[in-house]
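Colleague: I have not looked at this structure before. Could we go through it in questions and answers?

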Amino acid sequence: MITTLFYILSAFTLATAFLTIFSKNPIHSAIYLVLCFFSIAGHYLMFNAQFLAIVHIIVYSGAIMILMLFTIMLMNLNKEDEKNKTLWSRLAAVISFCLVALVLLAAFIKAQQTEYAYEVSGQDFQSIKVLGQVLLNDYMVPFEFASVLLLVSMIGAVLLSKKEHINN
């Protein structure tokens, strides 16, 4: 039963992730991404990490998706205003995609599974106190970089969407 649920949830996660990427409408992409976030929270629940599932839903499906939807709405993505990409820019995009895919494939092939001895320490790693200490001590800098990156991307979208008025 659990294995079947895992496969169904995994298929739903992959399907919504692909729909997020390949959808032509940016609002539909955002909705598919929210569904993908909810299915990932379902994976957290299957791993018995209820706190991470709830935080994932609150932070990603709530706050970050609202930020992304506001950014998409501010950008005003109209097909009429969009310029066609040149052949060189399309070719550069395909080449860069292939190079990144090649590097990722090589990294996955070279990666070896490491085996660790499981030691019982008696400490509850799912408690909020332990998670807060790890997040704000060990991972403080990446946590802050992620928040600054989101802020800069929102400011960039607002600046891109501003229309310049030319006074004649």
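Colleague: What percentage of the residues of the protein chain count as buried?
Modeller: Keep in mind that this is a predicted model. A residue counts as buried when its relative accessible area is under 20%. The protein chain has 168 residues, and the share of them that counts as buried is 15%.

Colleague: How many helices and how many strands are there in the protein chain?
Modeller: Read along the sequence, the pattern is α-α-α-α-α-α. The count for the protein chain is therefore 6 helices and 0 strands.

Colleague: What part of the accessible surface of the protein chain belongs to carbon and sulfur atoms?
Modeller: The accessible surface comes to about 14,300 Å². Of that area, the part belonging to carbon and sulfur atoms is 71%.

Colleague: Which helix gives the most to the nonpolar patch?
Modeller: The patch covers about 680 Å² and is made by F51, L52, I54, V55, I58, V59, Y60 and I128. The top contributor spans residues 50-75 and supplies 7 residues. That is helix α3.

Colleague: Is L52 buried, partly exposed or exposed?
Modeller: L52 is found in helix α3 and is one of the residues that make the nonpolar patch. Partly exposed lies between the 20% limit for buried and the 50% limit for exposed. L52 has a relative accessibility of 36%, so the class is partly exposed.

Colleague: How many aromatic pairs does a search of the whole structure find, and what kind is the pair of F18 and F22?
Modeller: The search finds 3 aromatic pairs. F18 and F22 have ring centres 6.3 Å apart, with 10° between the planes. Planes under 30 degrees apart count as stacked, so the pair of F18 and F22 is stacked.

Colleague: Why are F18 and F22 separated by about one helical turn?
Modeller: Both residues belong to helix α1, which covers residues 2-22. The separation is about one helical turn because along this helix F18 and F22 are 4 residues apart.

Colleague: What kind of pair do the rings of F37 and Y60 form?
Modeller: Their centres are 5.4 Å apart and their planes stand at 50°.

Definitions and conventions: Residues are numbered from 1 along each chain as its sequence is written. This is a predicted model: local features need pLDDT of at least 70, side-chain atom pairs count only at pLDDT 80 or more; totals for chains, interfaces and linings use all residues. Side-chain values use heavy atoms; hydrogens and water are left out. Patches are made of residues with over 30% relative accessible area and no salt bridge: like charges are joined within 9 Å, nonpolar side chains (Val, Leu, Ile, Met, Phe, Trp, Tyr) within 5 Å. Accessible areas come from the Shrake-Rupley method with a 1.4 Å probe; for residues, only the protein chains shown count as cover. A salt bridge is a side-chain nitrogen of Lys or Arg within 4 Å of a carboxyl oxygen of Asp or Glu. Helices (H or I, at least four residues) and strands (E, at least two) are DSSP runs, numbered from the N terminus. Buried means under 20% relative accessible area, exposed over 50%, partly exposed in between (1.4 Å probe, protein chains only). Rings of Phe, Tyr and Trp (its six-membered ring) pair if their centres lie within 6.5 Å; planes under 30 degrees apart count as stacked, over 60 as edge-to-face and the rest as tilted.
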